[in-house]
Amino acid sequence: TSRERWPREDFQRTMTAADTTAPSSAASTATAATTSTENESSEGIAGRTNYRKWDKITRDLVTETEEEEERESALESEKLGHTRVPYSKAEEEERVKAEAARKAKQALDAQKDREQAATAILEDILEEEEECVISPDMLGGKRVVLLRNITGPGKIVLPPVLSQLGHTAEQDNVCVRGLIKVFIENCTDVEIVSLCKIITSTIEVTRCENVQLGIGQEKISTIQADMCSDLTIKFQSAGIWGGKEDRIYHAGVSDMTVILPNHDKLKDEPIRKSMDYIKDGAQERGNATKEEYQFVTFVEQATNQLKTESLVRIKGRMLTETERRETGEIEPSQENKGMDAEELKDVINQCVTHKGEGNDAFKQGEYAQAVLFYSLAIDKSEALPSYSTADDSNSNKNKTTFTERHICYSNRAACFLKLGHHDKALNDADACLNLHPDFIKALFRKGLALHAMKRYEEARPVLAKCLTKEPKNKQIQQALQFCEIHLEKERRKRMMG
C-alpha cells in the first residue's frame with residue numbers, strides 16, 4: 001500500500017486515529033488548538049519553561065481524537081452506502097445474501113438449542129460401581145447421549161434395550177427407533193460398549209485418554225475421534241463396519257488402535273492397525289495446527305486391509321490422497337500454505353472483517369475491544385502467505401494474502417498508547433515497520449511510546465526521522481521539542497549531582 005497523505009493541520013488528530021478513512025478537514029480547529037498549547041507551554045515560573053504544560057501537550061497528542069473519529073465514522077458510513085438505498089441490482093442482491101446469511105445463522109443457533117434440549121448428559125456415573133448399564137430411565141426420554149467427565153476404572157454399556165426408544169412410525173422402511181447419536185467427551189480409563197441401534201450410525205470421541213470403545217451388535221458407519229490418546233476401537237462382530245462408505249475420521253489422536261474381525265475364515269487373527277498423528281505425518285496447514293490435521297482410516301476393499309490417509313481440502317471438498325490422484329485434482333501449493341483459493345479467500349475475508357471491527361471499536365473509545373479485534377486479524381493473517389511492500393506491484397500475490405497486516409499492528413499500537421501500555425505499543429510499532437518501513441504513523445507512534453517510557457535518547461532519532469518525512473508538521477516538531485527539553489532537564493540533573 002502506498003503511504004497515505006494528510007493535510008498538515010490535521011496531523012495531530014490523525015496520527016493516533018485508526019487507519020480507516022482519510023480524515024475530514026478540521027484545519028482551523030487543529031491550528032487553534034496547536035497555537036493555544038504553544039502559548040501556554042511557553043509561560044513558566046521566572047521565565048523558565050513550564051514542563052507540566054509540555055507533558056500535557058504530549059498526552060494530548062495521543063488522546064485528542066474522539067470527535068474527529070465520530071465525524072469520520074459518519075462520513076465512512078455514508079461512503080459505504082450504509083445509510084442509503086441500493087444503487088444497483090447487484091448491490092441489492094448482496095444485501096439479500098447478507099440477510100439470508102443472518103437468518104441461516106439464527107436457524108442454526110435454534111437447531112443447536114433444540115439439540116441441547118434433546119441431549120441426556122451423563123457425568124461421573126462410575127463413582128460407586130465398576131460397571132454401569134445405561135437404562136432408558138437414566139436418559140429421561142432423550143435420545144442423544146453425552147458421556148462426559150467420567151473417570152474409571154470401569155465399564156459403561158449402552159444395552160440393546162435402548163434400541164426401542166422412540167416412536168413406532170417408520171419412514172421409507174427405515175425404523176426411527178433407537179438413539180440418535182452418542183458423544184464421548186473427557187473420559188479416562190473407561191471401557192464403553194455400544195450394543196444398541198444409533199440412527200445416525202455416528203459416535204464422536206473427544207479429549208479422552210485410555211478409552212476402549214467396543215462396537216457390538218448394531219452397525220456403525222462413522223466414528224470421529226479428536227484430541228485423544230491411547231484410544232482403542234474394537235468392532236466385535238463381522239459386518240458392522242468396514243463397508244465402502246464406512247470411515248473413522250481422526251485428528252490429534254496419538255496411540256490409537258483399530259481392531260476388526262477378519263472376513264477370511266482361514267485366518268483367526270483379527271485385522272489390527274495402529275495410528276498416531278505425529279508418526280503419520282501431521283503438518284500445520286493454513287489455519288490448522290498439527291493437532292487439527294485430518295486423517296481417515298478405512299478398509300481398502302481390494303486388499304481387505306485397514307488403511308490410513310490424510311485428508312486434503314480441494315475446491316471445498318475433503319479428499320483422501322487416493323481420491324485426489326484418481327480425480328486428477330492438484331494439491332494446493334506450499335506457497336499458499338496448503339490452502340486452495342476458496343480457503344485463502346475465506347481467511348482474507350476474516351482478516352478484513354476483524355480489522356473493520358477493530359476500527360469500529362476504536363471509534364467508540366473501546367480500546368481494549370479494538371485490541372482484541374486487531375489481534376484476531378493479525379493471528380488469522382499468520383496462516384496466509386507472507387507479504388511485504390515489495391509485493392505491492394504483484395497483483396496476483398495481493399489476491400492470496402492480507403495486505404493490511406501492518407496497519408493492524410499500527411492501529412493496535414495506537415490502542416495500547418490509549419490504554420497506557422507503552423511497551424506493547426512500541427512492540428507493535430516495530431512490527432508494523434518491519435512490514436512497512438515507511439509507514440509514518442507507526443514511526444510516530446514508536447516515538448510517542450519511547451517518549452512515554454522516558455527513553456528520550458531513543459525517542460529523539462525516531463521523531464527526527466518523522467520530521468524528515470513531514471518537515472512542516474507542527475505535531476512532530478512539538479513532540480521532538482518535548483523530547484529535547486526532557487533530555488536537557490536530565491542533563492542538568494546529572495550536572496547538579
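The structure is a predicted model, in which local features require pLDDT of at least 70 and side-chain atom pairs count only at pLDDT 80 or more, whereas totals for chains, interfaces and linings use all residues. Residues are numbered from 1 along each chain as its sequence is written, and side-chain values use heavy atoms, with hydrogens and water left out.

The protein chain contains 15 helices and 18 strands, taken as DSSP runs (H or I, at least four residues, for helices; E, at least two, for strands) and numbered from the N terminus. Of its 497 residues, 43% are buried, meaning under 20% relative accessible area with a 1.4 Å probe, protein chains only. Among contacts (heavy atoms within 4.5 Å) with a separation of 6 or more, 54% join residues 24 or more positions apart.

Helix 9 (residues 367-381) packs against helix 11 (residues 405-419) at an angle of about 155 degrees, with the axes 9 Å apart. Axes are lines fitted to C-alpha atoms over the stretch in contact, and angles run from 0 to 180 degrees between N-to-C directions. Helix 9 is therefore roughly antiparallel to helix 11 (over 145 degrees). The crossing of the two is left-handed, that is, the near helix is turned anticlockwise from the far one by less than a right angle. Contributors to the contact include Tyr367, Val371, Tyr374 and Ile378 of helix 9 and Arg405, Cys408, Arg412 and Phe416 of helix 11. The contact residues comprise 12 nonpolar, three polar and three charged, where Ala, Val, Leu, Ile, Met, Phe, Trp, Tyr, Cys and Pro count as nonpolar, Asp, Glu, Lys and Arg as charged, and the others, Gly among them, as polar.

The axes of helix 13 (residues 440-452) and helix 15 (residues 474-495) come within 11 Å and cross at roughly 25 degrees. Helix 13 is thus roughly parallel to helix 15 (under 35 degrees), and this crossing is left-handed. Ile440, Phe444 and His451 of helix 13 meet Gln475, Ile476, Ala479, Phe482, Cys483 and His486 of helix 15. Six of these contact residues are nonpolar, three are polar and none is charged.

Ala238 lies in the loop between strand 12 (229-235) and strand 13 (247-251). Beyond residues up to four places away in sequence, Ala238 touches Pro261 and His263. The C-alpha atoms of Ala238 and Gly216 are 9.5 Å apart, at a sequence distance of 22 residues.

Note on methods: Parallel < 35°, antiparallel > 145°, perpendicular 65-115°, else oblique. Buried < 20%, exposed > 50% of the residue type's maximum accessible area, 1.4 Å probe, protein only.
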